[in-house]
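Dear colleague,

I am handing over the structure we spoke about, and it is placed just below. My notes on what was found in it follow, and I would be glad if you read them with the structure open.

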Amino acid sequence: MEQQIYKGKLTQFHRLKIAKKEDLTKNTFSLELEIPEDLKENFKFEAGQFVSVKFNAEEKEVINDYSMTSAPYEEKIALGIKINSPNGVTAQLYKNYQAGDELLVSEPNGRFTLVSKPSEFRTIVGFAAGIGITPILSHFKNILHNEPRTRLFLFLGNKRSEELVYRDLLDNLAKQHHNRLQIFYFYSQEKTADQFFYGRLDAKKLNLIINQILHLDDTDEESTIWDAVDEVLICGKGEMIKTLANACYHHGIPKKNIHFELFEEFNDDIYPVEKEFPLIENVEVDFQLLGKNYQTVLSNNREKILQQLLIQKFPVPYSCKSGICGSCECTVEEGEVELLENEYLTEKEEAQGKILACMSIAKTKKIKLNFDFN
Ligand code: FES
């Protein structure tokens, strides 16, 4: 076992053997990892989580996060991986590691998870683009297995059909569970027989989906399927998530029910700041994180604190960036901060000065935060 601070958290890595490696499309592949008996507990996971994989690429050590495509009940760790460029680090992972080789793999992580409700009748909608299907595949398999009454809709975007991963698996799931799962494929760079399925998944497309697919509800004449949506899962690149999360929110889904997983560095706010504040420039920030003290200056208080610290490459912890998961929880020790939205802290914690850095704006020229001792 090796320990290392990664993304602001002390992370444990274990040596795992690659049990299986398979090509999926021209630039995607899957890895299945072998979990020895004595590590079974360490590698228990929830649908939607990921592992961080440490490997060598051009003599440098690299750590990348990859989501599980397997569901917890399958009791295996399977990953779906995209090679973004022929000379990038993932291409090295593909070329240099074969079945039987070992990789250093972190214990499962991530908050793109849902509470399981096996006795409820739920409606869950997933939006994914490209390789963003991976954690949603894990969720959907898990829900179909654990929640006999839940119905699922998946809207999956790709540039072209040749880039679509897990097509057979998805079609089989839809066939097997035809009364509970419907999947719709969209292409942005390939003509489709029906114009409806041409183009990106964006706010305009969501309008059409709500009006033409998620409209009449056989189970309830009074409402539409969209009105019945309990949870939305979105996975893909930052801009797509921002657009769809805001569109879902404007169409009535509470933010706490919109879950997303970013598949790239994205330091923009997912939801825009709606309140106005007096402008403060050059905000001085002191903060403590994993026993170390840091000092910096934020250019102003227009952007949320976490986003500005991430742009400056500080290793602050985060996950959802939308006030839901609690990863960026910290205490205000000096100065004033406005917590704009919060789905995580209790009133008591807020009264104790706890905030979520991803949802907070500085209200004084100097602030002091402590990410330790939460
Ligand atoms: S990153 Fe999830 S609450 Fe801030």
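I begin with helix α2, whose 14 residues should span 20 Å at 1.5 Å a residue, and this agrees with its end C-alpha atoms, which are 20 Å apart. Please bear in mind throughout that this is a predicted model.

If residues up to four places away in sequence are left out, Leu244 touches Phe127, Leu201, Leu206 and Ile234.

As for the overall layout, the protein is divided into domain 1 (2–106), domain 2 (123–262) and domain 3 (281–370). The C-alpha centres of domain 1 and domain 2 lie 26 Å apart, and 14 residues of domain 1 are in contact with 14 residues of domain 2. On the side of domain 1 that touches domain 2, the elements that give two or more residues are β2 (9–25) and β6 (77–82), and by class that side has six nonpolar, seven polar and one charged residues.

An unreviewed UniProt entry places the feature "domain: FAD-binding FR-type" at residues 11–115. Over that stretch, residues 11–115, the chain is 8% helix and 47% strand, and the end C-alpha atoms are 24 Å apart.

Finally, I looked at Phe277, which is found in the loop between β12 and β13 (281–289). This residue, Phe277, counts as partly exposed because it has 14 C-beta neighbours inside 10 Å, a count that falls between the 12 or fewer of an exposed residue and the 20 or more of a buried one. Not counting residues up to four places away in sequence, Phe277 touches Asn301, Glu338, Ile361 and Lys363. From Arg149, by contrast, Phe277 is 128 residues apart in sequence and 46 Å apart in space, C-alpha to C-alpha.

Methods: Residues numbered from 1 in each chain as written. Predicted model: local features only at pLDDT ≥ 70, side-chain atom pairs only at ≥ 80, totals over all residues. Domains from an automatic or database assignment. Contact = placed C-beta atoms within 7 Å. Helix = DSSP H or I, 4+ residues; strand = E, 2+ residues; numbered from the N terminus. Nonpolar A, V, L, I, M, F, W, Y, C, P; charged D, E, K, R; others polar. UniProt positions renumbered as here; feature names shortened; annotations may be inferred. Expected span 1.5 Å × (residues − 1).
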